Amino acid sequence: MSADAPEAVDFVSQPIAQLLVKVATRCNIDCSYCYWFRDAAVYDKPKLMSAEVLHQLLSRIEEHVSDYRLPDLPIVLHGGEPLLWGVDNFNHFAEACAAITARTGCIIPIAVTTNGVLIDDRWLDCFEAHRISVAISLDGPAHIHDLHRKTFQGGGTHEAVARAARLLVSRDVHVSALAVCNPAYPPRDYVDFFADCGITHYDIMIPDATVDEKPPAIASFYNGLFDLWFEANRSRPAVNIRIITDMVTALLGNNSPTEGVGYNPIELCTVMTDGSVEAHDVLRIAGDGFTRTTFNIFDHSLDEVRSEPRWKAARDASINLAAKCQRCKFMNTCGGGYLPHRFSKTNGYDNPSVYCDDLYAIFENMRNVLEQHLYVKKPGGERVAIRDALTGAE
C-alpha cells in the first residue's frame, strides 16, 4: 500500500493457462447491457459448437497440457447462453476432460457461466456429478434484475433465475452469483438478497463502458459495499464478494486472481464455436470484429495464439499503462483498471480507465480503513499498526 511511485515490472512469458470456450453464440434472454452482442460479428459464428470442433478442441487441450506439463488448466464454458449446447454435450465434455486428466495428470477444473433459466434436475445432476462450478448471472433483487435482464417478449427473468439459484444452493454444487452494479440502488439491496438466497460467494461487477462513454459514478456504491463486506467478515470469513476481496488482496501487495483488478497481463485464450481463437471476449465492446483473429484450433496449437498480432496487442496493452497510471500510487493495485474500460476510438487502450477517478477514491477509502484495523506482529509478539510499519515508525 505504498504511496511511492511504483517501478516497472518485467512479466515473464508463460503458456496459456486458462481457456474460455464459447459453446454457444446465441442467448435465450435479452439483456440490455450485454457486451457480447455489441459486436455484430458474433452472428457470423455457428450458433453451437459442433462435434467436429469439440473433438479438435479436446485434442488441442491434451496436446497443450502435455507439451507444457501444466499442473492444471481451468476451463470456463461460456456463451451467449452455454446451456443451449445441451446437457449431453456437457456430460461428454466433462468425461473427456477427466480422461485427459487420467492420461496426463493435469487437473482440468470446469466452470460454466449461465443465466440459469434452463436449469432443471438433469442439469443439476450434471453439475454435481462432474464437479462443475456454476456462476449464475443474477442482478440481486427483482426490482434491479428485471430492469435489464428481460425475455425477448420484454418480461422479467428474475423469478426463473432466482429459482435456479436456490436449486443450485440446495445441491452439492459450487455456486456463485454474478451481478452487474447499478449505482442507482444501495449495495445493501444486493447483499441482503444474496444472503436470503444462501449465496455466500458472489461478484458485483463494474458496468462495462469505454472511455468514449459517460457511465454514472460508482465510488459511493463500492465504498458502501466495502463497508458491508468488512462488517460481515469482521469476526470470521463469512461472505466473499469477489471484487472487494480482489481489491483488498491487491492493496495488501498480493496478486489478484482475476483480470479486472491488479497489475498483471491478460493472457486469456477464447475459443469460439467454429474453432477460431481470440483474446479476451469482453474486448469486443470496442466494436464490430475487434477481437477477430486469423487463428483457429485446426491450423494452430493453442499457444500459437500468443504470437498472433491482435492477441499480442491486447496482452501488451494490459501491462503498458497510460502515463497517468504509471504515476499513480495505486498503479500496482489498480493496474490501470479493467482493460476494456480503457478503450477509446482515438487512443485505443492508451488511456486510464473510464472509471479512473472512482477507482482512485475506492482504493483510497479502502486503504484508510485497512490502515486503522490491520497490524504487523513482530517476532517478540508486539503489534505495530500497519500504517506505522509502512512508514518505518515504531
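How far is the sulfur of C269 from the closest cysteine sulfur, and in which residue does that sulfur lie? In this predicted model, the partner is in C97, and the distance is 14 Å. That is too far for a bond.

## Cysteines

A disulfide is a covalent bond between the sulfur atoms of two cysteines. A search of the whole structure finds zero of them. The cut-off for a pair of cysteine sulfur atoms is within 2.5 Å.

C34 has its closest cysteine sulfur in C31, at 6.2 Å. That too is too far for a bond. C34 counts as partly exposed, with 25% relative accessibility.

## A buried tryptophan

W36 sits in the loop between strand 2 (30-31) and helix 1 (51-67). Is this residue, W36, buried or exposed? W36 is buried: its relative accessible area is 1%, and the cut-off for buried is under 20%.

W36 and G80 are 44 residues apart in sequence. In space, their C-alpha atoms are 7.2 Å apart.

## The cavity

Rolling a probe the size of a water molecule over the atoms shows where empty space is left. Here the count is one cavity of 30 Å³ or more. The largest cavity has a volume of about 40 Å³.

Which residues line the largest cavity? They are I266, L268, A279, H280, L283, W311, A314 and R315. By class, this lining has six nonpolar residues, one polar and one charged.

Conventions. Residues are numbered from 1 along each chain as its sequence is written. This is a predicted model: local features need pLDDT of at least 70, side-chain atom pairs count only at pLDDT 80 or more; totals for chains, interfaces and linings use all residues. Side-chain values use heavy atoms; hydrogens and water are left out. Helices (H or I, at least four residues) and strands (E, at least two) are DSSP runs, numbered from the N terminus. Buried means under 20% relative accessible area, exposed over 50%, partly exposed in between (1.4 Å probe, protein chains only). On a 1 Å grid over the protein atoms alone, a cavity is a set of points where a 1.4 Å probe fits but cannot get out, and a pocket is an open set with protein on both sides within 12 Å along at least five of seven lines; lining residues have an atom within 4 Å of a point. Grid points are joined across faces, edges and corners, and a volume is the space filled by probe spheres set on the points. Ala, Val, Leu, Ile, Met, Phe, Trp, Tyr, Cys and Pro count as nonpolar, Asp, Glu, Lys and Arg as charged, and the others, Gly among them, as polar.
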